[in-house]
Amino acid sequence: MALSGSGATAGFRLAELLATVSLASDLAHDVPAESALRDALLAIRLGRLAGWPAQDLADVYYLALLYHIGCTAAVDAQSRLGAGDDVAVRRWLSEADFSDRPELLRIAIGRLGRQWGPVEWARGLAALATAGPGIPVAFAGMAEVAARLSSRLGATPPVSAALGHAYARWDGKVFPDVASGQGQSVIARLVHLVHVAQTYDRAGGVESADTVVRERTGGEFDPELARLWLGHSREVLGSLTSESVWDEVLAAEPEPHRLVPASHLDTVFAAFADFVDLKSPYTHGHSTRLARLVEDAAGELGMARADVVTLRRAAQAHDLGNLSVPNVVWSKRGSLNPAQWARVRLHAYHTERILGVSDALRGAGQVAGLHHERLDGTGYHRELPAVAIPLAARVLMVAEAYQSMTEERSWRPAMTPRDAAAEVRREVSARR
């Protein structure tokens, strides 16, 4: 797909679309919103201090926004490490030096142990003790998925290739099949350093960030880039003062701003569907199948073409908020406890919030955020009455319920289409 430059007269900014993607990956890592946006700002600043040309600055900017796009490809391994809490594991993996097993154990127990009961302790410690060989395999899968998704979203070949080195170490340890030293993508080296440093800065300030960079210089980090960071860290970090950096990040996109045609939004939403459906073996293909179902239903209802497109995109992105919910919740066979149920109820809100920041995605987000509402007001997250639920959302509601019933879940087998349709009719009779 050709990307237009700043002289184009129509289309959407690629930076805005990728910034929205980064909000979803923030959610998947249980980190403060706009963490990836802050990485992009810091990476641009450090790259300028290194004297990099405009093309490299552009690539490092987009790479920072897409750095975690493959995170849902390793949910199974992450769940084992965290006794089911893959979300928390993704967060502490950003802090860890993978070559230091005692540190891995310390971080894992410190971050997760407080949440574990006796059963989780046994499972979690066993997984951590045997995690060595599994970590490279898991990260290799994440890198492969990230490269494919980034290409579909509109990233340049250097950015997609760099995602294969995103978690690699300068010294070649832990990931022997990935390039080390000067053989690594330089933009990947810079973004990786910035991401870890920013993680520690958020937790303990610039001194904490500098300490971890200094300690890992020549091991995890490129020595030259580490020295550059240590010489300018206060300058680089000092300007991150505002609560939201959304506008600042969009303004920082290197010229020429890349634009994508309106038709590219179809590719973006299809990538959203695959990104989120990788999270659980029970949902592989769910959002794509749902999109086909709502498109057919909307056609039968004679909805306007523009509304059909919005509805299809809403179906593809409706479960983005699921990234905030640990896999242990989605795979639980018994009843959810109040805390787990609260997280489930919020996933529709998170979908709407993420898509709502972009003008290009907001319409689909407003419909997607209503996919668990019910006409009698018992749905979530808004508990809206029937009069407040538009037709497109009603189609999505019933189609999502039907589609989910025909798919296997951890707590029940898949229903036949006939039985699922009968259940839908019962829900209609109950005015839900």
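Predicted model: local features only at pLDDT ≥ 70, side-chain atom pairs only at ≥ 80, totals over all residues.
Q: How do the axes of α3 and α10 lie to each other: roughly parallel, roughly perpendicular, roughly antiparallel or oblique?
A: The two axes cross at roughly 50°. Angles under 35 degrees count as roughly parallel, and 65 to 115 as roughly perpendicular. The angle therefore makes α3, relative to α10, oblique.

Q: How many nonpolar, polar and charged residues does the contact of α3 with α10 have?
A: On the α3 side you will find Asp 56, Asp 59, Val 60, Leu 63 and Ala 64. Ile 187, Ala 188, Leu 190 and Val 191 contribute from α10. By class, that contact has seven nonpolar, no polar and two charged residues.

Q: How do α11 and α12 run relative to each other, roughly parallel or roughly antiparallel?
A: Helix α11 spans residues 206–216 and helix α12 spans residues 223–238, with their axes 10 Å apart. They pack at an angle of about 170°, and angles over 145 degrees count as roughly antiparallel. The pair α11 and α12 is therefore roughly antiparallel.

Q: Which classes of residue make up the contact of α11 with α12, and how many of each?
A: From α11 come Val 206, Glu 207, Ala 209, Asp 210, Val 213 and Arg 214. From α12 come Ala 226, Trp 229, Leu 230, Ser 233, Arg 234 and Leu 237. Sorted by class, the contact of α11 with α12 has seven nonpolar, one polar and four charged residues.

Q: Which residues is Val 236 in contact with, leaving aside its neighbours within four places in sequence?
A: Val 236 has its place in helix α12, and it counts as buried because its relative accessibility is 1%. In sequence, Val 236 and Leu 41 are 195 residues apart, yet their C-alpha atoms are 8.9 Å apart in space. With neighbours within four places set aside, the contacts of Val 236 are Leu 42, Arg 45, Leu 46, Leu 49 and Trp 229.

Q: What distance separates the C-alpha atoms of Ala 315 and His 371?
A: Ala 315 belongs to helix α16, residues 305–317, and it counts as buried because its relative accessibility is 0%. Beyond four places in sequence, it is in contact with Ser 287, Leu 290, Ala 291, Val 294 and Leu 396. Although Ala 315 and His 371 are 56 residues apart along the chain, the separation of their C-alpha atoms is 8.5 Å.

Q: Is Gln 340 buried or exposed?
A: Gln 340 lies in helix α18, residues 338–356. Leaving aside neighbours within four places in sequence, its contacts are Val 329, Lys 332 and Ser 335. A residue counts as buried under 20% relative accessible area; the value for Gln 340 is 14%, so it is buried.

Q: What is the relative accessible area of Glu 383?
A: Glu 383 lies in the loop between α19 and α20. Its phi is near 55°, a positive value in a residue other than glycine. Glu 383 is partly exposed, with a relative accessible area of 45%.

Notes:
Residues numbered from 1 in each chain as written. Heavy atoms only, no water. Axes fitted to C-alpha atoms, helices over the stretch in contact; angles between N-to-C directions. Helix = DSSP H or I, 4+ residues; strand = E, 2+ residues; numbered from the N terminus. Contact = heavy atoms within 4.5 Å. Nonpolar A, V, L, I, M, F, W, Y, C, P; charged D, E, K, R; others polar. Buried < 20%, exposed > 50% of the residue type's maximum accessible area, 1.4 Å probe, protein only.
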